[in-house]
Each structure stands twice: as C-alpha cells, then as structure tokens.
Amino acid sequence: MTKAALPMAGRVTRSRRLPPQQQEQQSRARWTTSLTKILVDLMVDQVHKGNKQSNSFNKKAWKYICDEFYSKTGLKWDKEQLKNRYSVLRKQYTTVKSILERSDFNWDEATGSIIAEEEVWAEYIKEHPDAETIKGSGCSIYKDLCTIFSEPATNGRHESVAASEGDGTSRPCPEPMSTQREESSSGSEDDEDDDDPDAILPSTPIATCNRKRGRKGIDDVIAGAILEMAAASKMREAAIEQYNARYSMADCIKELDVMQGVERPLYFAALNLFNKPNAREIFLSLKRDKRITWLRGKCAVASSSSVA
C-alpha cells in the first residue's frame, strides 16, 4: 500500500465506525415514537426537579437532557435539535388542549385516543386541518405534555378531573397522583403557602392584642381534616378512573366495529348505551356470540322508554 493510500484508508475506517443509518441520524434528527418518549420522560423529570422557569428549561436542565439522551440512545444530537423537538411538542400540546376544551371530545388515557363522533371530527378538521393527524394517531403522551407545558402560574399543578358517571375517558390534563406532592415541593414560595393550614383557613383579624391560643389549634385541626378529605377524594377519583379504564369506551367501540350484523341505528344506539359504565362492563364480559342479542334487547328497551 502506498503512503498516499494510507490517509484514505484511515478515513474509510473512521467512516465505518457507525452504521450508515446511525450516521444519517447523527447529522439529521429523525424522530421516532420511542425517541420522543425518551426525550419527554427526561423533560418531565426536570420539571419535577424544578429546573424549568417560565416557558423553557434552564441551562443546567438542557445539559442534563442532552447528556442523558445521548446516554440512552447513542445519538449525540445537540441542544438545538432537541429544542426543535420541544417546539414541535409544544405545538402538539396546544392542538390537543384546544380539541379537548370542547365538550364533544374526550381523551382516553388507556389508549391515547381522542374520541368523538365522525361528524364532529369532520366539522372540526374543516376549521383546523392540523388536527387530522391527531384524529388518526391520538396523543398517548398528553399527560406528560401537560406536565411540561402547563402555564407557569399553575407551578406545574394540573387540574384533577373527576370521572363522570357515564364516561370512562379523561378530560384535559389529569394530575398524576404519584407526582402531586413532588411537584408542589419543587414550586415557588407561593406553593409552600398553599400547604400552610392557616393559608387554607385564614383566621379572622382580631382588633385586640389578646389572641386566644386555642383558636389556632382549632384551625389546625379543621385544616388537617379538610386536607385528609381532599386526599381521600383524589384517591377515590383515581380508583374510579382505574376501574373505568378496564372497560373503556374505546374497547367497546373496537369490539362493536368487528361484530357482524350490526345495523347503523343499532350501532349508534349502542354508543349511547356505552355511556353507562355497567353497560360497558356487561358488554365486554359477554361472549361474542351473545353480544348482539344483548345489544338489541337493551337498545330496544331504551328506545321504547324514550318514546314513552
């Protein structure tokens, strides 16, 4: 081999250190579902650690996110590439949030699907063409996006939505029970005031200088009882959501779509029937050859009673 050929051989050897596909990924960020989930998990972790101010992460957070992303994926993408994805995710969050602010759309946490009647979707997409991709793919990471992009005034707290009696789906930004206390501990001084029993039940101003010590003790007991009731209520809501997820509207619709002999009127009558959690549970528990008979009987009773 000549001396002139040696540098060329060295360059060829270095170019083969990475597979061609990974070399292309190194130079150009090609995002997949799994890569996006890794990035989202890292961002959620930094939100919980208090490393996000206003509308973006601080330098410490971005360095950690870049280093950990490289450690988990082997892709050494720079901060700008990750921040570009952050902007895309913010747009996705805004789109989904706008959809779910309408009462005729529901988000199924178990599947990530956004559920609405076909006519409702068609009308909405006419006005918002960008929503068509959301209709097909849903948004399985919406809860995480709520954590990342919630307004600064909320300090990372998201409204907890009680499960309605006839709906197994979730409204926007349900609060993860496991992270509620962690988020509040990483918030501002205003958050700490929220946990103070005196802030929840402020004492009535007393004009005289003689304050009764027993008053504060009573307030503390009442405040503690209220906090316990609130915690029990959240646990109950979480239990209801978990129960409803076992027999979700989405699961019923999937089974209904593959059934034979379901006429159009019966199909839409069944959708109304599935608003009841008990009806969803019975339908999914029945053997498939008995479901249509049960549906026809229940929907016939429902239609006759409505006419009467």
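Predicted model: local features only at pLDDT ≥ 70, side-chain atom pairs only at ≥ 80, totals over all residues.

Visitor: Which helix is largely enclosed by the rest of the structure?

Guide: Helix H8, residues 142-149, is largely enclosed, because eight of its eight residues are buried. The buried residues of H8 include Lys 143 and Asp 144 as well as Leu 145, Ile 148 and Phe 149.

Visitor: And what is Asp 144 linked to?

Guide: Asp 144 belongs to a network of salt bridges together with Lys 37 and Asp 41.

Visitor: Changing topic, what volume does the largest pocket have?

Guide: The volume of the largest pocket is about 790 Å³.

Visitor: Which residues lie nearest its centre?

Guide: Those nearest the centre of the largest pocket are Ile 115, Ala 116, Glu 117, Met 249 and Ile 253, out of 28 residues that line it.

Visitor: Which elements supply at least two residues of that lining?

Guide: Strand E4 (114-115) does, and so do helices H6 (118-127), H7 (131-137), H13 (249-258) and H14 (264-273).

Visitor: What does the lining look like by class?

Guide: The lining of the largest pocket has 10 nonpolar, nine polar and nine charged residues.

Visitor: Back to salt bridges, how many does the structure hold?

Guide: The structure holds 11 salt bridges. One of them joins Glu 255 to Arg 291, with the closest N and O atoms 2.8 Å apart. That pair links distant parts of the chain, since Glu 255 is in helix H13 and Arg 291 is in helix H16 (residues 288-307), 36 residues apart.

Visitor: Are those two buried or exposed?

Guide: Glu 255 counts as buried because its relative accessible area is 17%, under the 20% cut-off, and Arg 291 is buried as well, with a relative accessible area of 5%.

Visitor: What about the salt bridge of Glu 101, which residue does it meet?

Guide: The side chain of Glu 101 meets that of Lys 97 in a salt bridge, at 2.9 Å from N to O. Glu 101 counts as exposed, at 54% relative accessibility, whereas Lys 97 is partly exposed, with a relative accessible area of 30%.

Visitor: And which residue does Arg 102 pair with?

Guide: Arg 102 forms a salt bridge with Asp 104, where the closest N and O atoms are 3.5 Å apart. Arg 102 is partly exposed at 34% relative accessibility, and Asp 104 is also partly exposed, with a relative accessible area of 31%.

Visitor: Now some loops: where is Ser 248 found?

Guide: Ser 248 is found in the loop between helix H12 (213-246) and H13, and Ser 248 is buried, with a relative accessible area of 1%.

Visitor: Which side chain does its own side chain make a polar contact with?

Guide: The side chain of Ser 248 makes a polar contact with the side chain of Asp 251, at 3.2 Å. Leaving aside neighbours within four places in sequence, Ser 248 is in contact with Asp 108, Arg 280 and Leu 284.

Visitor: And what does Met 259 touch?

Guide: Not counting residues up to four places away in sequence, Met 259 touches Phe 283, Arg 291, Ile 292 and Leu 295. Met 259 is in the loop between H13 and H14 and is buried, with a relative accessible area of 15%. The C-alpha atoms of Met 259 and Ile 292 are separated by 7.8 Å, although these residues are 33 residues apart along the chain.

Visitor: Last one, is Asn 278 buried or exposed?

Guide: Asn 278, which is found in helix H15 (residues 277-285), counts as exposed because its relative accessibility is 54%, over the 50% cut-off. The C-alpha atoms of Asn 278 and Tyr 247, which are 31 residues apart along the chain, are separated by 8.9 Å.

Note on methods:
Residues numbered from 1 in each chain as written. Heavy atoms only, no water. 1 Å grid on protein atoms, 1.4 Å probe; cavity = no way out; pocket = protein on both sides within 12 Å on 5 of 7 lines; lining within 4 Å. Points joined across faces, edges and corners; volume = space filled by probe spheres on them. Helix = DSSP H or I, 4+ residues; strand = E, 2+ residues; numbered from the N terminus. Nonpolar A, V, L, I, M, F, W, Y, C, P; charged D, E, K, R; others polar. Salt bridge = Lys/Arg side-chain N within 4 Å of Asp/Glu carboxyl O. Buried < 20%, exposed > 50% of the residue type's maximum accessible area, 1.4 Å probe, protein only. Polar contact = N/O pair within 3.5 Å; in protein donor to acceptor, adjacent residues only side chain to side chain. Contact = heavy atoms within 4.5 Å.
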